[in-house]
Amino acid sequence: MAFEPPRRLVRALGETAPDGDGWLAKLPEVAERAVARRELAVERVQVPGGRSSLVVLVRTADGTPAVLKLAPRRARPESERAALAHWGGLGAVQLREGGGAHEGCAEGADEGVLLLERLRPDVSVRSLPEAKALLEAAGTLRRLWVEPPGSHRFETVAERTGRQAAAMRAGAVADDEVAPLVDAALAAREELLAAPPEQRLLHGTFRQSKVLAGDRMPWLAVGPDPVVGEGAFDLARLVRDRVEDLVAQPSGASTTRRRVKRLAESLEVDQERLRGWALFRAVESGVRARRVGRKRDSELLLEFASWL
């Protein structure tokens with residue numbers, strides 16, 4: 001079978017590595033080797049798929065449906081493997097093969113290749129009415145917030161946002177229009193990191209589309225980019241879900257503030273800390289979208305940020 005990457009993946013990787021790193025060129029060979037080693041029967045490549053990996057629907061030698069996921073090193077697939085192993089299927093998709101330590105994956109496994117439980121890839125929480133979707137997503141997120149492994153090597157919120165803050169500062173210097181929002185977001189980050197609360201293992205990129213229907217449990221999270229920090233950081237990305245709908249509403253600003261309050265109360269996080277991280281993450285995403293030419297996305301995100 002020809003393992004042709006979906007256009008969405010090619011476009012997204014072009015944004016994150018405009019000079020290329022050779023991963024796409026090697027992808028067909030890596031995919032074929034991964035399939036052969038695991039004696040998998042390929043059904044199809046999932047389209048449109050994600051923005052950081054190739055997802056292939058497969059069946060194992062005994063006919064069990066599964067998912068083969070292939071990702072470049074910069075997407076931190078071994079970190080994802082370690083987090084999924086630590087969660088052990090509670091709230092998240094299960095690994096279908098060994099591994100789970102940053103020191104290395106299962107013997108014989110390919111770097112950047114994960115064999116996962118098959119969920120229903122076309123049915124996410126986002127398909128539910130908004131209020132129900134937020135409720136189910138928040139319930140899933142609660143199950144993921146556990147103590148990280150004692151000797152973990154996951155990135156921390158301070159480390160990840162430190163890299164992002166440096167890029168935001170550079171963008172603000174070259175773009176006076178976004179400078180006030182960047183200044184506000186960076187100030188919020190500094191205040192939040194001055195006294196961080198209890199540290200948990202977080203999904204890292206959680207949103208409604210990352211929660212899929214399953215058979216083992218009604219809803220399970222997929223595609224983590226795990227990080228260790230406070231729950232408010234994880235919940236902040238959920239605050240802006242369906243941002244295009246929020247911006248289109250005359251009451252978008254007030255709806256956003258009510259959403260912050262409702263989500264903070266439902267997951268018992270500090271409302272002001274949630275607001276601060278929602279501001280930082282929206283501005284960071286908006287500045288990044290502006291930098292790579294996704295003008296419409298940038299406008300939506302920065303308008304949303306201005307309401308916080």
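The model is predicted, so local features are given only where pLDDT is at least 70, side-chain atom pairs count only at pLDDT 80 or more, and totals for chains, interfaces and linings use all residues. Residues are numbered from 1 along each chain as its sequence is written, and side-chain values use heavy atoms, with hydrogens and water left out.

**Overall build**

- The protein has 11 helices and 9 strands, where helices (H or I, at least four residues) and strands (E, at least two) are DSSP runs numbered from the N terminus.
- Its radius of gyration, taken over C-alpha atoms, is 19 Å, close to the 19 Å that the globule rule (2.2 Å times the number of residues to the power 0.38) gives for 308 residues, so the protein is as compact as a globular protein of that length.
- Of the 308 residues, 52% are buried, a word that here means under 20% relative accessible area, with exposed meaning over 50% and partly exposed lying in between (1.4 Å probe, protein chains only).
- Among contacts (heavy atoms within 4.5 Å) with a separation of 6 or more, 70% join residues 24 or more positions apart.

**Helix α6**

- Helix α6 (residues 179–194) has 16 residues and reaches 23 Å from its first C-alpha to its last, close to the expected 22 Å, a span defined as 1.5 Å times one less than the number of residues.
- Its buried residues are A179, V182, A185, L186, A188, R189 and L192, and what covers them includes α5 and α10 (271–291).
- An α-helix has 3.6 residues a turn, so residues three or four places apart point the same way.

**Two residues**

- R160, found in helix α5 (residues 157–173), is buried, with a relative accessible area of 4%.
- Not counting residues up to four places away in sequence, R160 touches R76, E155, G204, D225, P226 and V227.
- P65, found in strand β3 (residues 65–70), is partly exposed, with a relative accessible area of 31%.
- Leaving aside neighbours within four places in sequence, P65 is in contact with V58, R59 and R118; the C-alpha atoms of P65 and R118 are separated by 5.7 Å, although these residues are 53 residues apart along the chain.
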